[in-house]
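Here's a protein to look at together.

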Amino acid sequence: MKMDQQKKFTIDAEPQGKKLHHKELNEKIRKAIKDGHTWITLNNVSGQRFIGAGIKEKVTIEVYGDAGLDTGVFSEGPTIIVHGNSEYLLGNTLNGGELVVYGDSWDITGMGARSGKIFVMGEGGSRIGIHMKEFKDKRPVIVYGGRVKQYLGEYMAGGIIVVLGLDYSNAIIDPKKPISKDNIDPKKIKEHQGDIVQSYLGAGIHGGAIYVRGTVPDKYLGIYAVKEEFTESDKETLKPILERYSELFNTPEDLLWKNGYTKVRPISSRPFEKVYNSTPI
Amino acid sequence: MKKSLTKSFTELPRERELSACGIAGLFNLDKKMVSGEPIAKMMATMEERENGLGAGYAAYGLFPKLKEYYCLQLIIDDEEAKRAVEEFLNSYTDIVKDEEVSVKKGVLKEYPIVWRFFVSPRDEKVSPDDTMKDIMMHINCSIKGAFCLSGGKDMAVFKGNGWATEIAEFYQIKDIKAFMWSAHSRFPTNTPGWWGGAHPFSLLGHAVVHNGEITSYGTNVNYLKEFGYECKLLTDTEVLAYIYDYIARKCNYPEKIASRIAMMALAPPYWKDIDLMTPEKKKWATNIRIAHRKAMANGPFSIIITTDMPKPTMIGHSDRKKLRPMIAALSEDGKTFYLASELNAIHTIDRNVKYWQPDPGKPVIASLGDPIITGTKDPLEGLELA
């Protein structure tokens, strides 16, 4: 839908200086959707949880401020754009749609996600993409523009995680304004020096793939995670994802492909087979 | 047919709020006194984390004129219990001063007497800290109708059963000035929500606020019993305070590394990670794991420990998988250090902070006059071990 055709609606999450509880805020969002609005802007958000929870409609929810934990939980249709940071559990059990964060997002992003796309410009915490899964054409994607911490893709069963290791701290044109595509200077995006992933990478992984820009030291690989050659077919897989990332965050595609990628995969489709006792009971 | 019901008796009640505890800390690294207003605001922002069953604040630097005396801050049911406490204190200490802690009427429906005693232990053969530890434990376990909230020097704990905003109002936190603050809002999971069970949980000059649960509680209790710590307060957080006290104060480790050892004992690195350390650090980590094996706190936790021993220090720590959140931040001028469960709590009072996320199982430490340990390198970050 074109921008001018959108039916817009604005909600103040802190009317008269009093912070709305997440229930009140989400009720307002749902009512706006029910009334036929397709573009909902939330101002002054300060950590309210469950923004856009379980929404199936293809609407856009724009968040100004710090979104609380469980942003986009169980949601299936909406595009949620956060101009600020998001607390942990972003896109918990995501079923579809697109979550975009112009900032950082901490631990357990995309936990158990089953479909949909999560794009974060900044840094991540630990256990990102834990228990993510895929089925047929439903393939969740998580992309982190910055660095992430330990246990990336733990117990991952499907989907794609991409870590880019880019540093946007000097690339924001006007730091006083909310970060958006137009507020990023592509020439000033830098690359993080040093490791962009940490230990226990893909620990217990049994499906899906993790792509890390540049190299990954072997000592960081978790149990049953192995490095695999990055092939043409991987390139094909990454292409649309990186194109979208480049568009969202005004980042040159050349930079995204620079240094190549390390692919991390499970050692086999059933790495824990031998751990379980197969005696029928 | 009878008249229609006002609620369903067959459907699951859906009004239940599921949440978690909220913790925050604020430390002025210049030792400048700041009002409790910002920390109370941080807690108010994280209101969605609590369910009104306990909250509290720890403040350091409260009694500059009486800072050589221990301040025992108590909640007391009645005059009789107060007399029992006084009598008990008189037999082991000199009471220098005692006063009622001012509380605001009309905030809580019912509340106990809040009283503080400034004391100096008499027994010269035992270290005063040990005497005070035993006194606090005796009051909490054996004097009916009295509970000791804190017993450190130049600090006090203000806590109770209620919402964080209520407790702040009740104790008029905004009128109190301190250079170091920690705070907690509670969502009790395994243990009852009561006045004594609220956090900060304090022993001597240490105060612990805790989000999570300690599943190794039983093992830790047995370990602590060997060294004279009684755990009878129906809250898993008490073991954290006692383990910290035992390892950081009682074990006589060199001051510089004592708190680091305590932190490593609580969340020891995996053997796989120890193997990757330099030979010196490997030796330390191995010995700490072995010596304090039963001090390991299992289960999800993120904690803030504030202490004045040997100097004012604020520590943020998490379990080895960081199953509970923690964000650290430093103000633009580098003078104020923050810790909180959620970044929005810090952003509420200061939008221009430099913030970072500590690694799982690695402590963030701000100690007066020392560079900040960020908790993003190795667990013995910044230590020159020889």
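Predicted model: local features only at pLDDT ≥ 70, side-chain atom pairs only at ≥ 80, totals over all residues.

Residues are numbered from 1 along each chain as its sequence is written, while chains are lettered from A and ligands numbered from 1 in the order in which they are written.

**The whole chain**

Chain B has 10 helices and 18 strands (DSSP runs numbered from the N terminus: H or I with at least four residues for helices, E with at least two for strands). Its radius of gyration, taken over C-alpha atoms, is 21 Å, close to the 21 Å that the globule rule gives for 386 residues, so chain B is as compact as a globular protein of that length. That rule is 2.2 Å times the number of residues to the power 0.38. Along its principal axes, the C-alpha trace of chain B spans about 75 × 60 × 45 Å.

How much of chain B is buried? Buried residues make up 51% of the 386. A residue is buried if 20 or more other C-beta atoms (placed from the backbone) lie within 10 Å of its own, exposed if 12 or fewer, and partly exposed in between.

| Domain of chain B | Residues |
|---|---|
| domain 1 | 22–62 + 154–367 |
| domain 2 | 63–153 |

The C-alpha centres of domain 1 and domain 2 of chain B lie 23 Å apart. Their contact takes 25 residues from domain 1 of chain B and 26 residues from domain 2 of chain B, where two residues are in contact if their C-beta atoms, placed from the backbone, lie within 7 Å. On the domain 1 side, strand 8 of chain B gives the most, with five residues.

Strands pair if DSSP finds at least two bridges between them. Six bridges join strand 8 to strand 3 (residues 55–60) of chain B, and B:Tyr57 stands opposite B:Phe158 in strand 8.

**Strand 18**

Now for strand 18 (residues 364–367) of chain B. In a regular strand the side chains alternate between the two faces of the sheet. Which residues of strand 18 are on each side? B:Val364 and B:Ala366 are on one, B:Ile365 and B:Ser367 are on the other, and all are buried. Four bridges join strand 18 to strand 14 (residues 313–318) of chain B, running antiparallel, with B:Thr313 opposite B:Ser367.

B:His138 lies in helix 3 (residues 128–142) of chain B. Is B:His138 buried or partly exposed? It counts as partly exposed because it has 14 C-beta neighbours inside 10 Å.

Finally, chain B meets chain A through 14 residues from chain B and 20 residues from chain A. Helix 10 (residues 343–349) of chain B gives the most to the chain B side, with four residues.

Note on methods
Domains from an automatic or database assignment.
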